[in-house]
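Here is a friendly walk through the charged side chains of one protein model. Keep the sequence and the 3D view at hand as you read.

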Amino acid sequence: MKLAEALQERADLNRKLDELRDRLSNNVIVQEGEKPLEDPDELLEQYDRAVERLEELMARINATNAATVDEGRTITALIARKDALGQQVRTYRSVVNWASQTGHRARGTEIKVLSAVDVRELQKKTDRLAQELRRIDNRIQELNWKTELL
């Protein structure tokens, strides 16, 4: 099984667990004399089996990510870099947006608002970071489809 397939299965299992949790909440309490639409014990068994599979997959995914090295960096390190870049890009985009809001004067006598940062330079930096983020994300995706799950 490829790492990407395991990641897809993990996502499917997380959705299934959410669905089973909802189904359980709808079937654990009934009016006296009524029966639940679904057997809560069977739902709990399905839930437990899905959790066991998820645990197994997560351990194997993590082991694979830690053991797979590309250009001197593990997939784990690439994911950490991707997450850090994503955080930076989101914040820098917000700062650029906030700092660009300087033209809101109804009359010339109102207080003039100026940007405290160089918007143009910050936008260039944001674009460079976003480009690196895309490059790393693409590389991770490529590795996911080439790498066998441990």
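This is a predicted model: local features need pLDDT of at least 70, side-chain atom pairs count only at pLDDT 80 or more; totals for chains, interfaces and linings use all residues.

Asp 70 counts as buried because its relative accessibility is 12%. Here buried means under 20% relative accessible area, exposed means over 50%, and partly exposed is in between, with a 1.4 Å probe and protein chains only. Residues are numbered from 1 along each chain as its sequence is written, and side-chain values use heavy atoms, with hydrogens and water left out.

You will find Asp 70 in strand S1, residues 69-70. Helices (H or I, at least four residues) and strands (E, at least two) are DSSP runs, numbered from the N terminus. Setting aside neighbours within four places in sequence, Asp 70 is in contact with Arg 139 and Leu 143; contact means heavy atoms within 4.5 Å.

Which residue meets the side chain of Asp 70 in a salt bridge? The partner is Arg 139, at 2.4 Å from N to O. Asp 70 lies in strand S1 and Arg 139 in helix H4, so this pair ties together parts that are 69 residues apart in sequence. Arg 139 is partly exposed, with a relative accessible area of 22%. A salt bridge is a side-chain nitrogen of Lys or Arg within 4 Å of a carboxyl oxygen of Asp or Glu. Side chains of opposite charge can pair when their charged atoms come close.

The whole structure holds 15 salt bridges.

| Pair | Closest N to O |
|---|---|
| Glu 148 and Lys 2 | 2.9 Å |
| Glu 121 and Lys 124 | 3.5 Å |

Now look at Glu 148 and Lys 2, whose salt bridge has its closest N and O atoms 2.9 Å apart. This pair links distant parts of the chain, with Glu 148 in the segment after H4 and Lys 2 in the segment before H1, 146 residues apart. Glu 148 is partly exposed at 43% relative accessibility, and Lys 2 is partly exposed at 25%. Lys 2 also touches Asn 144, a residue of helix H4 (residues 119-146). Asn 144 is buried at 5% relative accessibility, and its contacts beyond four places in sequence also include Leu 3, Ala 4, Leu 7 and Ile 75.

Glu 121 and Lys 124 sit three residues apart in helix H4, so about one helical turn separates them. Glu 121 is partly exposed at 40%, and Lys 124 is partly exposed at 41%.

Some salt bridges join into a network, which links Glu 9, Arg 53, Glu 56 and Arg 60. Glu 9 is in helix H1 and is partly exposed at 22% relative accessibility. Between Glu 9 and Arg 53 there are 44 residues in sequence, and 9.5 Å in space from C-alpha to C-alpha. Not counting residues up to four places away, Glu 9 touches Met 1, Arg 53 and Leu 57.

Finally, turn to the loop between helix H1 (3-27) and helix H2 (40-67), where Asp 39 is found. Asp 39 is partly exposed at 44% relative accessibility.
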